[in-house]
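User: Hello! I am new to this structure and would like a friendly walk through it. Could you show it to me?

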Amino acid sequence: MKAEESSVEASESENRYIFSPESQVGQLFTWGRGSKGQLGQNVKRFPGSNCALPVAVPGFSRVSHVALGEGQFACVLVTKSDGTLWSFGSNYKGRLGLGSDSPPSISKPTLVSALKGKHVIGACAGEAHAGAVTAKGLAYMWGRNLSGCLGNGTTTDSFKPQCVLSPSSNEESKSFLEGVVYLDCSNFTTAALVREKKEEKVSSGYTLMMWGSNRHGKLGQGKSPTVLPESNLPIQVMTQVSQVSVGSLYCGCVTSKGELYMWGFGKHGNLGIGRKSSTKPTAVPLLRKLKKNDSKGSSSIEEPAAFVACTRGQPTPKGGLNPNTGGGEGPHTVVLTHGGAIYTFGTAHKGLMMNLGNKTGAFNKPWDELTPYRVGGRLANGKLTRPPTSPFAIRPPYSSIAPAIFATNAHIHSTVLNGRGELWAWGCGSNDGRCGVERFLDGPGHKVDKMKCYMMGPHRVGVSREEFWKHPKGQVQFDKMNVLSVATGRNTMACIAVRSSTKTDNSETKNNSKGASESKLK
């Protein structure tokens, strides 16, 4: 049974998944690994050089957008409400945009002066390159130009931001890609959403353009990497796209009609079409099973997608590119519907599918989800008999954190932001506290769990008992904040939040969520 499509289209002003000069602003928080300056603050560090829970970055109270780069050590790009772009963290291949790859890292947020006066409204960062979009709809990129991922018609690296060229550009006549409203990049592949008509001010769908590496068919052209290894200029993939996510090995997008498309590497089930890869966008239905067949005899209904998050920071998964068993470290996908439901597919490694009860690493287990799994359904490893130890963890059904409106995916952890401004994380939060949850601080023996902080279900980010975390003096506690947006690197995260007394945009589906999380926090 097909879901209604007429209700899923939204105007540009209502699309929270594109860059906008009208984005709500808030305070920047960071947490996780901090050894290369990627936290942007020295107010609080624990354990070691890391920061296990979100802490505010001083001087960044009016932030409209934040992006994190990949690799073991992230870079952070921050857009302020005045249109300035700031960067800090790892400066690998010059991705901080400061005109050089020296020094190798910066701990103090620094103005990207090359874009001063351009009025930046959003940014993105990959493993070794980065980009930004201006209010005039131009895209700028810099860093390593492997496979032409900077989109400037060459494969020459650039430490300074260069404007992305249009598909028709050549040596004799160069023109710029115009009407850009969103930019994303990962592992030397870049994507942009572009207004379908230059003069169009309001749109429910955009043209998806991509450039850079075509490894695993990530450019979505239906051509293998041997036929089309790369493109140093933008090429069209699809039209009427409302949101896109570029992962390390694969990509996904959602159309203005709520259709989900996936392409690229898929051997861990992360495309939702079995253990198969695809060089062209492939439709993936989100089928919600009905308790009883409807009047037409249907046993399921297709739900319209709103958002997809592909796995970042995982160019070479430890689980391999041709897994023989399930549960290996590999890509995993989170999809949100317009009603706020959560779907997952891919590897079940360390609880990434939210389809397990008792804590397990899921190594070599047949619990991967090869087609979309609606979170809140049956548990693959049976009934929960060993509840999570944290008082800030959700017990099954994990769907009670809904309505979900935003998600992120890194190599072994995921997060979801819901309509009440709460941020939830699951998967593996070991080593550096990248998930921002108390469970990392309260491991066996009430000590930091550096090795086996595996979370099968959602844990509330930024909330902790005082015995495990003393908030820096003068700072508002994170549980008093409403989160507006979130970004992730491999081991570091960041978000923008406002005091909970401030009205946010995140309550549009609040009628579906009556006290869900509060009733489970016990």
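This is a predicted model: local features need pLDDT of at least 70, side-chain atom pairs count only at pLDDT 80 or more; totals for chains, interfaces and linings use all residues.

User: How many residues of strand β11 are buried?

Analyst: Strand β11 covers residues 180-186. The strand is mostly covered, and its count of buried residues is 7 of 7.

User: Which residue in β12 stands opposite Tyr182?

Analyst: β11 pairs with strand β12 (residues 189-194) in the antiparallel sense, over 6 bridges. The hairpin of these strands has 2 residues between them, and Asn187 takes a positive phi near 50 degrees there. Across the pair, the residue facing Tyr182 is Leu193.

User: Which residue in β10 is opposite Met141?

Analyst: Strand β9 (residues 139-143) runs antiparallel to β10, and 3 bridges join them. The β10 residue opposite Met141 is Gln162.

User: Does Thr84 count as buried or exposed?

Analyst: Thr84 sits in the loop between β4 (75-80) and β5 (85-90). Leaving aside residues up to four places away in sequence, Thr84 touches Val78, Thr79 and Leu111. Its side chain also makes a polar contact with the side chain of Asp82, at 2.6 Å. The relative accessibility of Thr84 is 15%, so this residue counts as buried.

Methods
Residues are numbered from 1 along each chain as its sequence is written. Side-chain values use heavy atoms; hydrogens and water are left out. Two strands pair if DSSP finds at least two bridges between them. Helices (H or I, at least four residues) and strands (E, at least two) are DSSP runs, numbered from the N terminus. Buried means under 20% relative accessible area, exposed over 50%, partly exposed in between (1.4 Å probe, protein chains only). A polar contact is a pair of N or O atoms within 3.5 Å; within protein, one must be able to donate a hydrogen and the other to accept it, and residues adjacent in sequence count only if both atoms are side-chain atoms. Contact means heavy atoms within 4.5 Å.
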